[in-house]
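Please look over the sequence and the structure shown below before reading on. The briefing is meant for someone meeting this structure for the first time.

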Amino acid sequence: MPLEFAVSDFLKAFFAIFVAMDAIGNLPILYALTKKLSVKERNKNVDNAIFIATILLLVFLLFGTGILGYFGISFNSFRVAGGIVLLIIGLRIVLGLRLIEERAKKYELSAVPLATPLIVGPAVITVTILLVNEFGFVIPLIAAIANLIISWIILHQTELLFKILGRQGSEVIARIMGLILTALAVEFIKQGWVGL
C-alpha cells in the first residue's frame, strides 16, 4: 500500500473513532462525576477505565466481523443498522439529549460510565467494526490506540480542560462532533443500502 493511501486511511479511521468517542464533548459529564474525588482517586478510576475500554475495543476489533458472520448478518445489513444507531446517537448529541450524567451515579465509575458507554460505547463499537471491514485490522487498531491515548490524557486533565472550555464550550464541541457523526451515519446507511 502506497504511503499516501496508508496515511489517508489512518486519518479517516482516526477521525471516525475520535468523533464517535467524543472525549472533549463528554467533559461536562466527566467533570460532574469526578469533581469530588481526590487527584489520586480520579487518576486510579481513569487508568481502570482506559484498561477496560481497551479490552472492549480489542474484542470488537478482533471478533466483531466474526460475530456478524456467526449470526449470518451480512455486512451491508450491519452497515445500515449501525448507521441508524449512529444517526440516533448523533442526533441525541446535536439536540443535547444526554441522559448519561444522571444515570451514571448508580454505577461503579471506572467501568460504567467511563469505560462504557463514554469511552467505548455503541458508536465506537459500530464504527470500529465498519472500519475493520473497510481497512483491515492494522489501521483501525493503530487509530483506536491513538484515540485511547488521547482519551487517557483528556480524562487525566478533566478539571483543567473543563475550566478552560467550560460547560458551554464543551457542549458546542459536542454538538459539532454530533453533527459530523450524524453525517457519517448517513454515509454508512447509504453505502449499506446500495450494497443491499
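The model is a predicted one.

**The nonpolar core**
- The largest nonpolar core holds 49 residues, and among these L57, I119, V127 and L181 touch the most other members.
- Helix 1 (3–21), helix 2 (27–34), helix 3, helix 4, helix 6 (110–119), helix 7, helix 8 (138–156) and helix 9 each contribute at least two residues to this core, and the most come from helix 7, which gives 9 residues.
- Apart from its neighbours within four places in sequence, L181 is in contact with V19, A20, L86, I89, G90, I93 and A123.
- As a general background, nonpolar side chains tend to be buried together in soluble globular proteins.

**Helix 4**
- Helix 4 covers residues 75–94, and because its 20 residues should span 28 Å at 1.5 Å a residue, the 27 Å between its end C-alpha atoms agrees with that expectation.
- The buried residues of helix 4 are F75, F78, R79, V80, G82, G83, L86, I89, G90 and I93, and what covers them includes helix 3 (39–70), helix 7 (122–135) and helix 9 (158–195).
- Of these buried residues in helix 4, L86, I89, G90 and I93 are also among the contacts of L181.
- Just after helix 4, G96 takes a positive phi of about 75°.

**Helix 8 and its pairing with helix 3**
- Helix 8 has 19 residues and reaches 27 Å from its first C-alpha to its last, which is close to the 27 Å expected at 1.5 Å a residue.
- Buried in helix 8 are I139, P140, L141, A143, A144, N147, L148, S151, I154, L155 and H156.
- The axes of helix 3 and helix 8 come within 10 Å and cross at roughly 165°, and the two helices are therefore roughly antiparallel to each other, since an angle over 145 degrees counts as such.
- This crossing of helix 3 and helix 8 is right-handed, and the contact involves R42, N43, V46, D47, I50, A53, T54, L57, L58 and L61 of helix 3, together with P140, L141, A144, L148, S151, W152, L155 and H156 of helix 8.

- Along the chain V112 and I150 are 38 residues apart, and their C-alpha atoms are separated by 19 Å.

Methods: Residues numbered from 1 in each chain as written. Predicted model: local features only at pLDDT ≥ 70, side-chain atom pairs only at ≥ 80, totals over all residues. Heavy atoms only, no water. Helix = DSSP H or I, 4+ residues; strand = E, 2+ residues; numbered from the N terminus. Expected span 1.5 Å × (residues − 1). Buried < 20%, exposed > 50% of the residue type's maximum accessible area, 1.4 Å probe, protein only. Contact = heavy atoms within 4.5 Å. Core = buried A, V, L, I, M, F, W, Y, C linked by side-chain atoms within 4.5 Å. Axes fitted to C-alpha atoms, helices over the stretch in contact; angles between N-to-C directions. Parallel < 35°, antiparallel > 145°, perpendicular 65-115°, else oblique. Left-handed = near helix turned anticlockwise from the far one by under 90°.
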